[in-house]
Amino acid sequence: MTTRCHRLIDALAPGLRVFVPGFGNESALLGDELRADPGRAQDVTFCALQYPGLDRFDYLALHPRARMESFFMSPVLRRGIAERRADLLPADYLAMARRLVEGDPFDVAIAQLSVPDVDGWCRAGLAADFIPLVWPRARRRVAHLNPRVPRTRGSFRVHVSTIDVALEHDAAVPLHADARPGDVEARIGARVADLVRDGDVLQFGIGSVPLAAAGALAAHRRLRLHGGLATASLRTLWEAGALDRDARITTGVLLGDTDLHDFAASLERLWLTDVTETHASAAILAASQGRRFVAINGAVEVDLLGQVNAERANGTLVAGAGGLPAYAQAALLAPGGRLLVCLPSSAKRGSASRIVPLLGDRSMCTLPRHLADAIVTEHGCAELRGVGLDARAEALIGIAAPAHRSGLADAWSRLRATL
């Protein structure tokens, strides 16, 4: 039975573990209430899955005895780790899901949901990736019902009568603007389009390269989408007629502006669901129905063995493994599947190569070399699956920035002698 109360934070108390909305779905109401009464954060551990650059609320600044845990690195979490008030839980998406399902239940789960429909049902709206796993097990369930959250379709819905604390309040939702593709990203996108066939099932990561790839795929037909997040790429492909109009579009999160939110709410084929359905290989293979599954993702750097770093840049942890390991496995298991790891060939205005001799102590191996398939830069595609060490190195050097190729070749000559 829904409790009548004045604040979401009335459900908080010292010693509780609290799951709070994130990954593009932070509740502005929750933030305002905590800022007005920061003492409610004392001795509370907040589990906040904050998307870097979008979810910005600082739970640790509320009270010196507030704590935080997360699977994603953020500036807030980094400071908290230094102060020994926060924990980074290293896991990819499927391991995160297992922990949330099999670990200790949260004392309180807070969600930001759509306002109820005429029958009293509230929808996940912008994020159905983790809250469906947490919500049924939480000891107390609290919801910010926000008229600005779109009433999207999906596997997770909550009847308002079953919410312990529900407050309806109009508040801004986090808006995401895709990085605009430049010439380099457009060239990478065109190469990706050459590797995709009509009828393929696609998964897109985040960033300007997937957006460029979506534009380059406009002439394709009968494509399907199955992934962890949807951005403006979804609308680009739909309006170009590239998507199969009869196929379900499966995702866990919507990241975009209000126009994308409105578009998503009107798209009957869009289906938001949790990580066990968006990332598990068995679910992906079943949804693909024998079609090729093509995973399109970015990276920070790739070494000449085919190891991929998608987490650490310039010695600083900037991301987690996320869904990349899961989609890599699914792509390699799927009949004819492809894993396309896409990145510009250089950084720092061309002075640093993103094809490197060997991942070092300032890097992190997100994908081991045995999962390598195709690496794409603006200079070409290196086909690595089933290829020996020398041929791999040669292919990767061939798609590096021209100014760095001779240095990489020399480095490989030295490296191969030590293997």
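Buried means under 20% relative accessible area, exposed means over 50%, and partly exposed lies in between, with a 1.4 Å probe and protein chains only. The model is predicted, so that local features need pLDDT of at least 70 and side-chain atom pairs count only at pLDDT 80 or more, while totals for chains, interfaces and linings use all residues. Residues are numbered from 1 along each chain as its sequence is written, and side-chain values use heavy atoms, with hydrogens and water left out.

**Exercise 1. Name the buried residues of helices H1 and H7, and describe how they are placed.**

Step 1: In helix H1 (residues 28-36), the buried residues are Leu29, Leu30, Gly31, Glu33 and Leu34. They pack against S1, strand S2 (45-48), S5, strand S7 (140-145) and strand S9 (165-168), where contact means heavy atoms within 4.5 Å.

Step 2: Helix H7 (residues 232-239) has Ser233, Leu234, Leu237 and Trp238 buried. These buried residues fall within an arc of 130° when seen down the axis of H7, so they line one face of the helix; the arc is that of the directions from the helix axis to the C-beta atoms.

Step 3: Just after H7 comes Gly241, which takes a positive phi of about 80°.

**Exercise 2. How many cavities of 30 Å³ or more are there, and what lines the largest cavity?**

Step 1: Rolling a probe the size of a water molecule over the atoms shows where empty space is left. On a 1 Å grid over the protein atoms alone, a cavity is a set of points where a 1.4 Å probe fits but cannot get out, a pocket is an open set with protein on both sides within 12 Å along at least five of seven lines, and lining residues have an atom within 4 Å of a point. Grid points are joined across faces, edges and corners, and a volume is the space filled by probe spheres set on the points.

Step 2: By this rule there are three cavities of 30 Å³ or more.

Step 3: The largest cavity has a volume of about 150 Å³ and is lined by 16 residues, with Phe19, Pro21, Gly22, Asp129 and Ile131 nearest its centre. Strand S1 (17-20) and strand S5 (108-113) are the elements that give two or more residues to this lining, and S5 provides the largest share, four residues.

Step 4: The lining of the largest cavity divides into twelve nonpolar, three polar and one charged, where Ala, Val, Leu, Ile, Met, Phe, Trp, Tyr, Cys and Pro count as nonpolar, Asp, Glu, Lys and Arg as charged, and the others, Gly among them, as polar.

**Exercise 3. Describe the lining of the second largest pocket.**

Step 1: The second largest pocket holds about 230 Å³ of space, and among its 15 lining residues His226, Arg248, Thr250, Ala287 and Ser288 lie nearest its centre.

Step 2: Strand S11 (224-225) and helix H10 (281-288) are the elements that give two or more residues to the lining of this pocket, and the largest share, four residues, comes from H10.

Step 3: Sorted by kind, the lining of the second largest pocket has seven nonpolar, five polar and three charged residues.

**Exercise 4. Is Ser363 buried or exposed, and which residues is Ser363 in contact with?**

Step 1: Ser363 is placed in the loop between strand S24 (355-356) and strand S25 (374-377), and with a relative accessible area of 14% Ser363 is buried.

Step 2: Leaving aside neighbours within four places in sequence, Ser363 is in contact with Glu301, Asn309 and Arg312.
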